[in-house]
Amino acid sequence: MKIAVFGLGYVGMTEAACLAHQGHEVIGVDISDEKIATVNSGRSPIAEPGLDELIEAAVKKRLLFATKDATPHINSCRVAFVCVGTPSTPDGSHNMSYVAEASRQIASMIDTGREGPFTVVYRSTMRPGTTDELIRPIFEQVLKGHADQVELVYNPEFLRESVAIADFFDPPKIVIGARQAKRCEALDTLNANIKAPVFYTNYREAELTKFVDNTFHAVKIAFANEIGRVCSELGISARTVHRIFVSDTKLNISPYYLRPGGAFGGSCLPKDLRALQHIAGDIGAHTYLVDSLLRSNEAHKQFLFETCIRDLAPGARVLMLGLAFKAGSDDMRESPNIDLARKFLQASFDLSIYDPYVEPSKLLGQNLGYAFSNLPTLRKLLVFKTTVESEQFDLVVDTRGWAKDLVLHAGRVIDINALN
Ligand SMILES: NC(=O)c1ccc[n+]([C@@H]2O[C@H](COP(=O)([O-])OP(=O)(O)OC[C@H]3O[C@@H](n4cnc5c(N)ncnc54)[C@H](O)[C@@H]3O)[C@@H](O)[C@H]2O)c1
């Protein structure tokens, strides 16, 4: 396949060299004379293990050359990859001017009478909405009524510098954002020999993926370092604690606790989190990430409440399914459902709660105290299954997944644990 790669930095140079290594004919495009000269002399303009060798071999075989002006070549290319930089601006947003400029250049090089399909694949990291709101309008403006001749695809890059070549041939995943999640024939062909899960999505999900990944990596590192500081200050072996932590692939290093849905709560998480904050404060470990978690959780509870009451008339009848912290339990200590119930009452909604595991007369000790100090009218709020299945509610908030097994008469049912 004949391919143009715009931007010969860490991403674009790796892309260009690896594609040429696979036998494709690659034209590297950059605005830097120095980079172009370096590539054409068979060397890498960036330091990346193995890249010099790949570039030297590809240039010798005439499968790779670099240029500032791709105009004479673009119409014989099947694909153009855009790998230009998106550096930070002073306000923290990405500087999208390189992406815009490269798009404008590509669009103005296209001969609308060209034969065969043409795909422009964006690999630069860019905020959700960029393809629809910045890139497509550029192609529409330049190509007038012919913009649909160009297939625009967003394909985030996950390579890590220093092992970029190995990551190119063995990526953790392939994410392809396309219009209406349509398959991209060119990328399917290019990726045919790469063994990685492929996800086809709309542009925006693909665009967000890279932010989510990088943010999570940052969360992991910051978390590990905060725990490391606590260990260090307490004279505990961070290495041993780490080994034990990562050995747990059931609850710790796993998809568990990572699905967007309900807030956290219960008798352990908030209590122990507060206690770790206290320990960290005592020893001056400055655990900013850990310190932010309870506030983040409160913000999420408010978000869930606001999601529930969207379009709900004042005083509407609301039924909550589940009150205790977990199904099958009557432990109400710091149950997020208690907070949600309180928010409904404070906002004067007509609330009923169904939780067959909660029997007010059987509550004891701290559990009893927590339940009644937060919901003094608990007895009045609890309803039986007969009421649930015979009366009309404007909104049913399902915190348990019970709705499917009940005969409900509801205007709307919200599953609070499954945000879409
Ligand atoms: N570096 C990484 O490890 C990595 C990994 C994944 C994704 N990304 C993302 O990929 C993108 C590129 O990153 P990078 O580190 O390779 O950037 P880079 O700054 O190393 O390279 C960008 C290149 O684009 C060139 N360029 C700018 N405008 C151009 C134009 N109009 N035409 C042709 N070339 C042009 C620049 O001269 C430069 O050589 C960024 O959005 C980055 O966030 C980077």
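Trainee: At what angle do helix H6 and helix H9 pack?
Mentor: In this predicted model, H6 covers residues 130-143 and H9 covers 203-234; helices are DSSP runs of H or I with at least four residues, numbered from the N terminus. Their axes (lines fitted to C-alpha atoms over the stretch in contact, with angles from 0 to 180 degrees between N-to-C directions) lie 9 Å apart, and the angle is about 105 degrees.

Trainee: How are H6 and H9 oriented to each other?
Mentor: Take the angle of about 105 degrees and look up its class: under 35 is roughly parallel, over 145 roughly antiparallel, 65 to 115 roughly perpendicular, and the rest oblique. H6 and H9 are therefore roughly perpendicular.

Trainee: Which residues of H9 make the contact with H6?
Mentor: Contact means heavy atoms within 4.5 Å. On the H6 side we find Thr130, Thr131, Asp132, Glu133 and Arg136. Their partners in H9 are Tyr203, Arg204 and Glu207.

Trainee: How many residues of that contact are charged?
Mentor: Asp, Glu, Lys and Arg count as charged; Ala, Val, Leu, Ile, Met, Phe, Trp, Tyr, Cys and Pro as nonpolar; the others, Gly among them, as polar. The contact of H6 with H9 has 1 nonpolar residue and 2 polar ones, and the charged residues number 5.

Trainee: What is the orientation of H1 to H3?
Mentor: H1 (residues 10-21) and H3 (residues 51-60) have axes 9 Å apart and an angle of about 50 degrees. That makes H1, relative to H3, oblique.

Trainee: How many nonpolar residues are in the contact of H1 with H3?
Mentor: H1 brings Met13, Thr14, Ala17, Cys18, Ala20 and His21, while H3 brings Leu51, Leu54, Ile55 and Ala58. This contact has no charged residues and 2 polar ones, and its nonpolar count is 8.

Trainee: What is the volume of the largest cavity?
Mentor: A cavity is a set of points on a 1 Å grid over the protein atoms alone where a 1.4 Å probe fits but cannot get out, with lining residues having an atom within 4 Å of a point. Points join across faces, edges and corners, and volume is the space filled by probe spheres set on them. The structure holds 1 cavity of 30 Å³ or more, and the largest has about 220 Å³.

Trainee: Which helices each supply at least two residues of its lining?
Mentor: Of the 19 lining residues, Arg123, Asn155, Phe168, Asn191 and Ile194 are closest to the centre of the largest cavity. By class, the lining has 11 nonpolar, 3 polar and 5 charged residues. The helices that each supply at least two are H1, H7 (164-169) and H8 (185-190).

Trainee: What pLDDT do local features need?
Mentor: Residues are numbered from 1 along each chain as its sequence is written, and side-chain values use heavy atoms, leaving out hydrogens and water. Side-chain atom pairs count only at pLDDT 80 or more, totals for chains, interfaces and linings use all residues, and local features need at least 70.

Note on methods. On a 1 Å grid over the protein atoms alone, a cavity is a set of points where a 1.4 Å probe fits but cannot get out, and a pocket is an open set with protein on both sides within 12 Å along at least five of seven lines; lining residues have an atom within 4 Å of a point.
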